Amino acid sequence: MGSETMLAIGLMSGTSLDGIDAALIETDGEGLVRPIAFRSEPYSDAARKQLQETTQLALTYEKPRLSPEIGAATEMLTRRHLILIHQLMASAGKDVKEVDVIGFHGQTVAHRPDRGWTWQIGDGGMMAAALGVPVVHELRYADVAAGGQGAPLLPVYHRALLAGAELPVAVLNLGGVGNITFVGKDGTLVAFDTGPANGLVDDWMAQETGKEFDGGGAFAATGTIDKAVLAVMLDNPWFDLAPPKSLDRADFTIQPARGLGAADGAATLTAFTAATVALALDHLPERPTRLIVAGGGRHNATMMAMLSDACEIPVEPIEALGRNGDATEAEGFAYMAVRSLKGLPISFPGTTGVPEPMTGGRLSRP
């Protein structure tokens, strides 16, 4: 297959449960990435509640297994993805049959690499049959089975986006959980999860204000950081662990901030995210010259300002590279699907801790 380009769709539904992202790109799975179209669809309150309950249930299991609730959520999730794919292709003015492959991340309901498994629900076989297009799914499973963390999975895509940039640079993705990719001068990749990104702030906002998130960080900006609570939250041995390392969204909670005023809690949890990223920089081979931020957190002006203060290096949204930061993860999974189809590695010793570079993903053909 070599450097042959392919038309690929990537699909992402993150742990923040805000909705589904779908991107159409042309790529060779190496240095060429040409964005074509992007669509996003928020979850309804009912769908979000169903996925939250499914996640709570999955976290009680010793290992992944089917149940009526898991099956119902899987079908709901897959059907919503199918609808969005048709909308994406309509907006691009293309027929879905022109697509060579789909990268379907699915919804993470539990991530337990310490137990040798990770679990993303979503029926790739159903999707392939419905669309008549090959689907690559279960992209993290082989990595975890080989002893890797299964996350972060997009560093090789981040490196492709940085082609031509002056290195070393770090790319920070702020979703429900944060992860960082370091690209060295020689292209060396080091990547790992940094800690909660938007997850704790979102949980706090939901419980204290009834809102799903802190739009632009405006609410946190009215509060005062409680340094004692912040110190307690940072006093966690996980931050001292050398990478590779990864997190489940449920590994940290808002409990330490209980008792703070609503705005002070939002400010403190936002500062916590920024401080965890600053700690993460200490685990990199050298100081990056700039921090490029993707994911929903880059819309949070308060978080971005706190990151700049904590990290003491230039912090810029990924739009500085001429990219759409809302589309980054979905585009990344389209890119990964092409790499998987070509047998190219998608995870590496420096990114997930696997013994050697390896490909991954399960291919479902129509």
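Reader: Where does Leu17 lie?

Author: Leu17 lies in the loop between strand S1 (6-13) and strand S2 (19-27). Keep in mind that this is a predicted model.

Reader: What phi does Leu17 have?

Author: Start with the general idea. Most residues other than glycine have a negative phi, and most peptide bonds are trans. Now the case here. Leu17 is not a glycine, yet its phi is positive, about 55°.

Reader: Is Leu17 buried or exposed?

Author: Leu17 counts as buried, because its relative accessibility is 7% and the cut-off for buried is under 20%.

Reader: Let us turn to peptide bonds. Which bond is cis, with omega near -10°?

Author: The bond from Ala151 to Pro152 is cis, with omega near -10°. Pro152 is found in the loop between helix H4 (141-145) and helix H5 (155-161). Another cis peptide bond joins Leu167 and Pro168, with omega about 5°. Pro168 belongs to the loop between H5 and S7.

Reader: Then on to S7. How many of the residues in S7 are buried?

Author: The general idea comes before the count. In a regular strand the side chains alternate between the two faces of the sheet. Strand S7 covers residues 169-174, and six of its six residues are buried. Take one side: Val169, Val171 and Asn173 are buried.

Reader: In what sense do S7 and S8 pair?

Author: S7 and strand S8 (residues 177-183) pair in the antiparallel sense, over six bridges. A hairpin of two residues joins S7 to S8.

Reader: Now the rings. How many aromatic pairs are there?

Author: There are eight aromatic pairs. One of them is Phe239 with Phe272. A pair of aromatic rings is described by the distance of the centres and the angle of the planes. For Phe239 and Phe272 the centres are 5.9 Å apart and the planes make 80°, an edge-to-face pair.

Reader: Which parts does that pair tie together?

Author: Phe239 lies in the loop between helix H7 (227-234) and helix H8 (262-281), and Phe272 is in helix H8, so the pair ties together parts that are 33 residues apart in sequence. Phe239 and Phe272 are both buried. Ring pairs also link Trp238, Phe239, Phe252 and Phe272 into a cluster.

Reader: Which residue lies over the face of Tyr61?

Author: Arg65 does, at 3.9 Å from the ring centre. In another case, the charged end of Arg159 sits over the ring of Phe348, 6.0 Å from its centre.

Reader: How many salt bridges does the structure hold?

Author: The structure holds 13 salt bridges. One of them is between Asp251 and Arg112, with the closest N and O atoms 3.3 Å apart. That pair links distant parts of the chain: Asp251 is in the loop between H7 and H8, Arg112 is in strand S4 (residues 101-112), and they are 139 residues apart. Asp251 counts as partly exposed, at 37% relative accessibility. Arg112 counts as buried, at 15%.

Reader: Which residue meets Glu138 in a salt bridge?

Author: Arg362 does, and the N to O distance is 3.3 Å. Glu138 lies in the loop between strand S6 (135-137) and H4, and Arg362 in strand S12 (residues 362-364), so the pair ties together parts 224 residues apart in sequence. Glu138 counts as partly exposed, at 25% relative accessibility. Arg362 also counts as partly exposed, at 47%.

Reader: Which residue forms a salt bridge with Arg290?

Author: Glu316 does, with the closest N and O atoms 2.8 Å apart. Glu316 is in strand S11 and Arg290 is in the loop between H8 and S10, 26 residues apart. Glu316 counts as partly exposed, at 22% relative accessibility. Elsewhere, salt bridges that share partners join Asp45, Arg48 and Glu212 into one network.

Notes:
Residues numbered from 1 in each chain as written. Predicted model: local features only at pLDDT ≥ 70, side-chain atom pairs only at ≥ 80, totals over all residues. Heavy atoms only, no water. Buried < 20%, exposed > 50% of the residue type's maximum accessible area, 1.4 Å probe, protein only. Helix = DSSP H or I, 4+ residues; strand = E, 2+ residues; numbered from the N terminus. Pairing = 2+ DSSP bridges. Phe/Tyr/Trp six-rings, centres within 6.5 Å; stacked < 30°, edge-to-face > 60°. Lys NZ or Arg CZ within 6 Å of the ring centre and 35° of its normal. Salt bridge = Lys/Arg side-chain N within 4 Å of Asp/Glu carboxyl O.
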